[in-house]
Amino acid sequence: MPELILEIANDFAALGPASDRVREYLDGRGAPGAAAFLADLVIEELVTNSIKYGYDDAAQHSIRVGVDFHDDQLRVEVCDDGHAFNPLEQAAPDITVPAEERAIGGLGIHLVRQMTDDVRYERRGASNIVTATKTFPPAAEA
Amino acid sequence: MKIEERREGRVVVLSVEGRLDHAGAEIFDAHVSRLIAADERALVIDFHGVDFVASMGIRALIKPYQALAQQGGRIVVANLGESVRSVFRLAGIDQAVPIYDSVGTAVAALA
């Protein structure tokens, strides 16, 4: 089980306060600033995906966000109860196309893939679970 | 998200403060769209106060970049922090939108 677990509504307004809680937790764990930035990015992108594409109704849903930082490794888990949706199957954007002609889409999951060591998707019961991990080099000893 | 606007000749400088996330991107998009609709053609975005950018923030920058490119205008950015710069690089947007180390050099490039 991740050490920090937040239940947030499927509402973009919930992301700011969730980010504050995650940063507070990671600061307390002595995680580097880059880990806080990455956790923020992963949560923002994955929860945005869930809110935009996960639900077939307009009802309020709860999205569970888990964060853990141990042994220099950050683990972020996002779990929703939407229909089965694997964000990792989205086509990667062609970032070599000039920005003038660039199609807009798939960029969020591309950033998550590029910035983490590993991202995996799992359908468990009625839940989608995406877990991203990244190990940060320990701070140099003086 | 706070945006301060000032003018240097024909160049409009926007100093952005806060998170360029989903919510921030909407505010940014509305502000920049209004400037482009008012025929502003040279924009410098000062990222000094931006500590977080997500894909929605990148999109909010690509959109006016594309609009201005079609109209002979330009948008450039200045003062990117290290993490924000790495998101720009991984999104490939650093190949398109010019990045300057200071607002002064950005304004000079557009003037």
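Helices are DSSP runs of H or I with at least four residues, numbered from the N terminus, and the expected span of a helix is 1.5 Å times one less than its number of residues. This is a predicted model, in which local features need pLDDT of at least 70 and side-chain atom pairs count only at pLDDT 80 or more, while totals for chains, interfaces and linings use all residues. Residues are numbered from 1 along each chain as its sequence is written, and chains are lettered from A in the order in which they are written.

Q: What makes the span of α2(A) close to the expected one?
A: α2(A) has 21 residues and reaches 30 Å from first to last C-alpha, against an expected 30 Å.

Q: Why is α2(A) called mostly covered?
A: A residue is buried if 20 or more other C-beta atoms, placed from the backbone, lie within 10 Å of its own. In α2(A), 17 of the 21 residues are buried.

Q: How do you know which helix supplies the largest share of the side of chain A that touches chain B?
A: Contact requires C-beta atoms, placed from the backbone, within 7 Å. On that basis 22 residues of chain A meet 20 of chain B, and α2(A) gives seven residues to the chain A side, the largest share.

Technical notes. Contact = placed C-beta atoms within 7 Å. Helix = DSSP H or I, 4+ residues; strand = E, 2+ residues; numbered from the N terminus. Buried ≥ 20, exposed ≤ 12 C-beta atoms within 10 Å, placed from the backbone.
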